[in-house]
Amino acid sequence: MNRIVIAALSAGMIFLSSCGNTKVASDQIKGDWHIEEAMGVSTVGAEKEAFISFDGNGKVNGDASVNTFMGSYVFDGESLKLDNIGMTMMLGASMEIEDAITKAINSAAKIEIDGDKAVVRNDAGEQIMTLVRK
């Protein structure tokens, strides 16, 4: 009987600690981030400010310099998956920046957050986007 109680308490502690880690992870990424560069292309001179916002509950939206985008994300403290991304389809003056951001969003696999700065990487570990918290 004691072994069953200990096993149940251990399972409960593991469950609770994993829930806590998810909250910490979502707090790390939550908020608005300015996109400084994507795929080696600077966003300086963009038609509109390029940014990405994570709501802390799995929803993402932003502006890729011409078009807005929205979708969902999963973040566990390191890996980042952006999914079901929809985007408006207008043409504008900063399409090179727009295309670079779109490519980066579609290949994001990992994010490294260090305070107010973040680096997004693809599956190969290559840096594909740099972000600064707004």
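Biologist: How many helices and strands does the protein have?

Modeller: There are two helices and nine strands. This is a predicted model, and from the N terminus its elements run α-β-β-β-β-β-β-α-β-β-β.

Biologist: What share of the residues is buried?

Modeller: Of the 134 residues in the protein, 37% are buried. The protein exposes about 7900 Å², with carbon and sulfur atoms supplying 57% of that area.

Biologist: Ok, helix 2. Which residues does it cover, and how far does it reach?

Modeller: Helix 2 covers residues 95-107, which is 13 residues. From first C-alpha to last it reaches 18 Å, close to the 18 Å expected at 1.5 Å a residue.

Biologist: Which of its residues are buried?

Modeller: Ile-97, Glu-98, Ala-100, Ile-101, Ala-104 and Ile-105 are buried in helix 2. Seen down the helix axis, these buried residues fall within an arc of 165 degrees, so they line one face of helix 2.

Biologist: Switching to strands. In which sense do strand 4 and strand 5 pair?

Modeller: Strand 4 (residues 59-63) pairs with strand 5 in the antiparallel sense, over five bridges. One of the partner pairs is Val-60 with Gly-71 of strand 5. Four residues lie between the strands of this hairpin, where Ser-65 takes a positive phi near 100 degrees.

Biologist: How many bridges join strand 5 to strand 6?

Modeller: Six bridges join strand 5 to strand 6, and the two run antiparallel. Met-70 has Gly-86 of strand 6 as its bridge partner, and Phe-75 has Leu-80. This hairpin also has four residues between its strands, and Gly-77 takes a positive phi near 105 degrees there.

Biologist: Salt bridges next. How many are there?

Modeller: The count comes to six salt bridges. In one of them, the side chains of Asp-63 and Lys-48 meet at 3.1 Å, N to O. Asp-63 is in strand 4 and Lys-48 in the loop between strand 2 and strand 3 (51-54), so the pair ties together parts 15 residues apart in sequence.

Biologist: Asp-63, buried or exposed?

Modeller: Asp-63 is buried, with a relative accessible area of 6%, whereas Lys-48 counts as partly exposed at 34% relative accessibility.

Biologist: What does Glu-49 meet in a salt bridge?

Modeller: The side chain of Glu-49 meets that of Lys-134, at 3.3 Å, N to O. Glu-49 lies in the loop between strand 2 and strand 3 and Lys-134 in the segment after strand 9, so this pair ties together parts 85 residues apart in sequence.

Biologist: And which residue does Lys-110 form a salt bridge with?

Modeller: Lys-110 forms a salt bridge with Glu-78, with the closest N and O atoms 3.6 Å apart. Lys-110 lies in strand 7 (residues 110-114) and Glu-78 in the loop between strand 5 and strand 6, so parts 32 residues apart in sequence are tied together by the pair. Salt bridges that share partners join Glu-78, Lys-110, Glu-112 and Arg-121 into one network.

Terms used
Residues are numbered from 1 along each chain as its sequence is written. This is a predicted model: local features need pLDDT of at least 70, side-chain atom pairs count only at pLDDT 80 or more; totals for chains, interfaces and linings use all residues. Side-chain values use heavy atoms; hydrogens and water are left out. The expected span of a helix is 1.5 Å times one less than its number of residues. Buried means under 20% relative accessible area, exposed over 50%, partly exposed in between (1.4 Å probe, protein chains only). The arc is that of the directions from the helix axis to the C-beta atoms. Two strands pair if DSSP finds at least two bridges between them. Accessible areas come from the Shrake-Rupley method with a 1.4 Å probe; for residues, only the protein chains shown count as cover. A salt bridge is a side-chain nitrogen of Lys or Arg within 4 Å of a carboxyl oxygen of Asp or Glu.
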